[in-house]
Structure formats: C-alpha cells, structure tokens
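User: Hi! Could you walk me through this one? I'd like to ask a few quick questions as we go.

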Amino acid sequence: MNKSQKFFVGLGDKTIAFFTNVYDMTYLLLQTIKALPRLWFYRRQLIEQIYIFSVKTLPIAAIIAVFIGLGATVQGTYQSSDLLSRAITVNVIFKSTILELCPIVLSLVLAGKLGASLAAEIGSMKISEQIEALETLSLDPVGFLVMPRVVAGLLMLPVITIFANFLAMFSSFFVSAVISEWISPQEFYSGLEMDFKTFEMYFGNLIKPAVYGLMIALVGSHFGLQTSGGARGVGESSTKAVVISAILIVIWDYYLGRLLL
Amino acid sequence: MPVLKGIDLDIHDNETLVILGPSGQGKTVFIKTLVRLIHPDSGSICYDGEELLTLSHKQLYRFNDRIAFVFQNSALLDFLSVQDNLQLYLLMHKAISPRDLQRRTLEALHFVGLDDDVLDKFPEELSGGMRKRVAIARAMVKRPQYLFYDEPTTGLDQTNAEKISELIKMLKKEISATSIIVTHDIKLMRDVADRVALLKDGLISFVGDRDEVSEQMLDFLYE
C-alpha cells in the first residue's frame with residue numbers, strides 16, 4: 001500500500017469510528033432514558049454519584065470560581081476603565097462570568113476530573129469482567145452504572161455552577177470594592193442589576209451546566225464501556241473521554257448561545 | 001474465524017460437568033455463551049426446554065436469577081466491600097429483613113472458610129485465593145439452580161486450588177445445583193467431575209463419565 005492509499009484507508013477508518021461512536025453514544029443515551037423509571041431501584045448508586053459530583057468537586061469548583069472572579073475583574077477593570085462607566089464594567093464582568101467563563105471553565109475542568117475517573121472506573125470494571133458479573137447478578141449495567149452518573153451530572157453541575165458563580169461574583173466584589181476600592185458597593189450592586197434578564201440566569205446557571213454535566217457523564221461512561229485490552233486500554237479510554245467531552249462542551253457552548261440567547 | 005464449531009452437549013440436572021480443554025480453545029467463550037454473556041452467531045441453548053437466545057432483556061434478567069457465575073478473575077465489584085459484594089444481589093432483588101440478610105451473608109462467608117473480619121475489607125485487600133472464595137460465597141448467596149465456574153483454580157497455588165475444589169464439591173451438596181466448570185486443570189476434573197467433556201479445536205471430542213477419561217485422552221492438553 002502506498003502513502004496516499006494509506007492516507008485514505010486511515011481517513012476511512014477514522015470516519016467509520018466517528019460515526020460508530022456517535023451511534024453508540026446516542027444508543028447509550030436512549031438506554032439511559034429507558035432505565036430512568038428504575039431510578040428508585042438504583043437510588044443507592046445515585047446518592048453515591050450525587051456525592052461524587054457535588055461534595056467531592058466543591059473544593060476545586062471553589063478555587064476555580066474565586067480566581068475566575070478575581071481574574072475577570074482585574075482584566076475587565078484594566079481594559080475598560082477608560083472606555084466605560086464603572087457600573088457598566090461591573091455588568092460586563094458579571095455577565096461574562098455568569099454566562100460564559102464560570103460554566104465553561106468549570107465544565108472543562110470537571111470533564112478532566114470526573115470524565116477521566118468515570119471512564120477509568122467503568123473501563124477497569126469492563127476489563128476485569130465486573131460488568132459481566134453485574135449482568136449475572138440480574139443488574140443492568142446501564143441502570144446500575146451509567147444512569148446514576150448521567151442523572152447526577154445533569155442535576156449536580158447546575159448546583160456546582162450556581163455555587164461557583166456566587167463565589168466568583170463575591171471575589172469580584174471583594175477585589176474591586178473592598179481591597180482596591182475601585183468601585184463603591186452601591187455602584188457594584190447597580191452594575192449587577194443593570195439590564196438584568198432572568199432567562200440569562202437560567203441559561204448560565206441551569207441550562208448550560210446541565211447539558212455539560214450530561215455530556216461529561218455520558219461520554220465518560222461510553223468510553224468506559226468501550227474499553228478493551230488492559231491498563232493501556234483504560235488509559236486510552238480516559239484520554240478519549242476527556243478530549244471528546246472538552247470538544248463537545250466548547251461546540252455546544254457556541255450552539256446553545258446561538259439557539260437560546 | 002469461528003471459535004466454537006457446532007457443539008452439541010446435554011447437561012443433566014444436579015450433575016457436575018467439567019469441560020476440559022487447553023488454553024485458547026474457546027472454553028471461556030463457551031461458558032459465557034451458555035449464559036448469554038456472549039451471543040453466538042447461530043445455534044440454540046435450552047434450559048428446561050426454554051430457549052435462552054430468544055429471551056427479551058427482561059426475561060434474561062429473570063433467567064439470571066437462576067444462575068450464578070464464578071469468573072476467572074473473581075470479578076468482585078472493587079468499589080464495594082466484601083459485605084456489600086455478598087449482599088448486593090439480595091438487597092437489589094429480594095425483600096429480605098436486615099437480620100436474614102446478615103444471616104445469609106455470614107452463612108456464605110463461613111461456608112467458604114472466611115472470618116467476619118473480612119466483611120469490611122475491599123477486594124484489593126484480599127489475596128487471590130480469598131477473592132475466589134468470596135466469589136464462591138457471592139454465588140452461594142443467590143442459591144442458584146445452575147452454577148458456572150470459569151477456570152476456578154487458575155492462578156492459585158496448590159493449597160488454594162485444593163480448597164477451591166473442595167468448596168465446589170461442598171457447595172454442590174449444600175445447594176444441589178447443576179455445576180458447569182471449564183478448566184484445563186486435570187486434578188480439579190478428577191476431584192469434582194461427574195461427567196467430562198473434552199473441548200478440542202472448537203469441538204467437543206468426547207463426553208462421558210469421569211472414570212472413562214484415560215491419560216492418553218488428555219495428551220492433547222499438553223500439545
């Protein structure tokens with residue numbers, strides 16, 4: 001086979017793999033929806049996943065949120081202090097943080113933390129026959145492993161994002177109104193109130209993180225279930241889960257903005 | 001390339017059938033096919049006249065209530081303690097009082113010769129032999145009609161292998177299950193089998209009583 005033939009064969013393989021993954025992920029999502037009526041049956045697993053998706057991610061979310069708030073404020077005040085009024089600058093910082101920075105940065109970091117561990121956990125279960133063991137115990141692997149993770153991701157990422165957004169704005173207030181006294185607390189508050197749209201709050205705090213949470217859990221579970229081989233296979237699945245989740249998050253970030261705002 | 005080629009085998013109630021074959025001949029594929037963990041390209045698998053391959057997912061899970069499978073690597077759920085591994089099936093499927101749950105857990109644990117202090121341990125804290133024993137206890141808790149063992153003595157030293165083969169015999173007596181074992185361990189076969197099937201090149205080359213198996217017939221295991 002010459003070089004150009006090899007190129008086209010490789011391209012064909014990649015295209016087939018891409019569509020197979022899309023099909024498998026869609027099928028897994030449908031199976032997860034089908035397993036939803038059994039949520040009560042798998043409540044122990046759900047509670048455990050809610051704990052992992054919330055309590056265990058809070059410290060990371062807190063650190064990221066505080067520094068997003070600080071960074072956005074320093075940058076915002078530096079860039080626009082000569083161009084815009086202080087209240088408008090606060091409003092720009094507020095909206096860019098709530099609608100874009102916090103949800104996306106947090107989701108990308110959690111895609112790395114949760115997506116990788118999820119794919120590795122399910123992947124190592126796959127290669128050590130634990131998933132087959134679940135089947136012989138009359139337990140549906142999708143119901144037992146995937147559905148609680150997807151539901152936890154869907155529910156908990158919005159909660160974490162609300163918490164992170166609150167912290168980011170608090171740190172922004174702290175650096176601009178308390179430490180540097182660049183703006184008064186009253187002006188800061190009026191900047192937050194300016195052009196306030198309730199739907200935007202739902203969009204940034206609930207809709208976006210819910211979609212990203214679903215994606216992180218679904219993609220991680222999918223690549224975990226596709227794992228084959230040994231430790232190397234588990235490593236590959238984790239990497240794929242992180243990379244694909246991150247790509248999907250930034251793509252959906254654009255489309256959600258286009259569709260809903 | 002097909003792994004198994006036209007296997008025709010009857011398994012009798014309450015017997016221990018050992019399927020003996022060298023590595024790489026499809027023993028694991030065969031035993032997993034028997035419980036539909038692997039779906040064959042064609043053929044038929046019947047339990048008491050009921051076709052396994054046409055069962056819906058729901059029916060398959062109901063069928064799985066009648067079986068227990070001891071995997072080659074034990075396949076204990078590594079995020080659960082030994083106690084949770086043993087109790088998982090009962091907790092998820094049976095309306096059972098906490099007292100009965102504990103009684104059945106301890107009964108199974110003591111049956112396989114393990115002490116109560118193992119209950120709080122996680123699988124990675126156990127030796128290979130202990131993990132295998134917990135896997136047998138997990139199977140026992142289900143009180144299945146059919147018990148499947150995939151290479152139960154592989155990777156164990158002689159002492160542990162002997163313990164496992166003793167447990168297989170004791171468990172059969174205790175719960176009167178039909179046991180199907182795939183292995184390449186001749187000693188295990190001699191210890192536990194009622195009947196033996198020899199698997200060679202994807203085909204069953206012999207089925208008969210344990211005593212009918214001569215040393216020459218087993219030469220293919222060393223080829």
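**A chat about the model**

Analyst: Happy to. Let's begin with a helix: the buried residues of α9(A) are A:Val234, A:Ser237, A:Ser238, A:Lys240, A:Ala241, A:Val242, A:Ile244, A:Ser245, A:Ala246 and A:Ile249. Bear in mind that this is a predicted model.

User: What do the buried residues of α9(A) pack against?

Analyst: They pack against α4 (86-127) and α8 (198-225) of chain A.

User: And how many residues does helix α9 of chain A have?

Analyst: Helix α9 (residues 231-260) of chain A has 30 residues. From its first C-alpha to its last it reaches 42 Å, close to the 44 Å expected at 1.5 Å a residue.

User: Switching to chain B. How many helices and strands does chain B have?

Analyst: Chain B has seven helices and eight strands. Its radius of gyration is 18 Å, close to the 17 Å that the globule rule gives for 223 residues, so chain B is as compact as a globular protein of that length.

User: What box do its C-alpha atoms fill, and what share of the residues of chain B count as buried?

Analyst: The C-alpha atoms of chain B fill a box of roughly 50 × 40 × 30 Å along the principal axes. Of the 223 residues, 38% count as buried. For contacts in chain B with a separation of 6 or more, 70% come from residues 24 or more positions apart.

User: Which domains does the assignment give for chain B?

Analyst: The domain assignment gives domain 1 (1-66 + 145-223) and domain 2 (78-143). The contact between them takes eleven residues from domain 1 of chain B and ten residues from domain 2 of chain B. On the domain 1 side, the largest share, seven residues, comes from helix α6 (residues 158-175) of chain B. By class, that side has seven nonpolar, two polar and two charged residues.

User: How far apart are the centres of the two domains of chain B?

Analyst: Taken over C-alpha atoms, 24 Å separate the centres of domain 1 and domain 2 of chain B.

User: Now the core. Which residues touch the most other members of the largest nonpolar core?

Analyst: Of the 119 residues in that core, A:Ala164, B:Val18, B:Ile19, B:Ile136, B:Ala137 and B:Phe148 touch the most other members. Helix α6 (residues 141-179) of chain A gives the most to this core, with 17 residues. Chain B's domain 1 and domain 2 each supply at least three residues to this core.

User: Let's zoom in on one of those. What does B:Ile136 touch?

Analyst: Leaving out residues up to four places away in sequence, B:Ile136 touches B:Val70, B:Val112, B:Leu167 and B:Leu171.

User: How many residues does the contact take from chain A and from chain B?

Analyst: The contact takes ten residues from chain A and 17 residues from chain B. The side of chain A that touches chain B has three nonpolar, four polar and three charged residues.

User: Last topic, backbone angles. What is phi for A:Glu129 and for B:Arg36?

Analyst: A:Glu129 has a positive phi of about 65° although it is not a glycine. Phi of B:Arg36 is near 60°, also positive in a residue other than glycine.

Definitions and conventions: Residues are numbered from 1 along each chain as its sequence is written. Chains are lettered from A and ligands numbered from 1 in the order in which they are written. This is a predicted model: local features need pLDDT of at least 70, side-chain atom pairs count only at pLDDT 80 or more; totals for chains, interfaces and linings use all residues. A nonpolar core is a set of buried Ala, Val, Leu, Ile, Met, Phe, Trp, Tyr and Cys residues joined through C-beta atoms within 7 Å. A residue is buried if 20 or more other C-beta atoms lie within 10 Å of its own, exposed if 12 or fewer, and partly exposed in between; C-beta atoms are placed from the backbone. Helices (H or I, at least four residues) and strands (E, at least two) are DSSP runs, numbered from the N terminus. Domain bounds come from an automatic or database domain assignment. Two residues are in contact if their C-beta atoms, placed from the backbone, lie within 7 Å. Ala, Val, Leu, Ile, Met, Phe, Trp, Tyr, Cys and Pro count as nonpolar, Asp, Glu, Lys and Arg as charged, and the others, Gly among them, as polar. The expected span of a helix is 1.5 Å times one less than its number of residues. The radius of gyration is taken over C-alpha atoms; the globule rule is 2.2 Å times the number of residues to the power 0.38.
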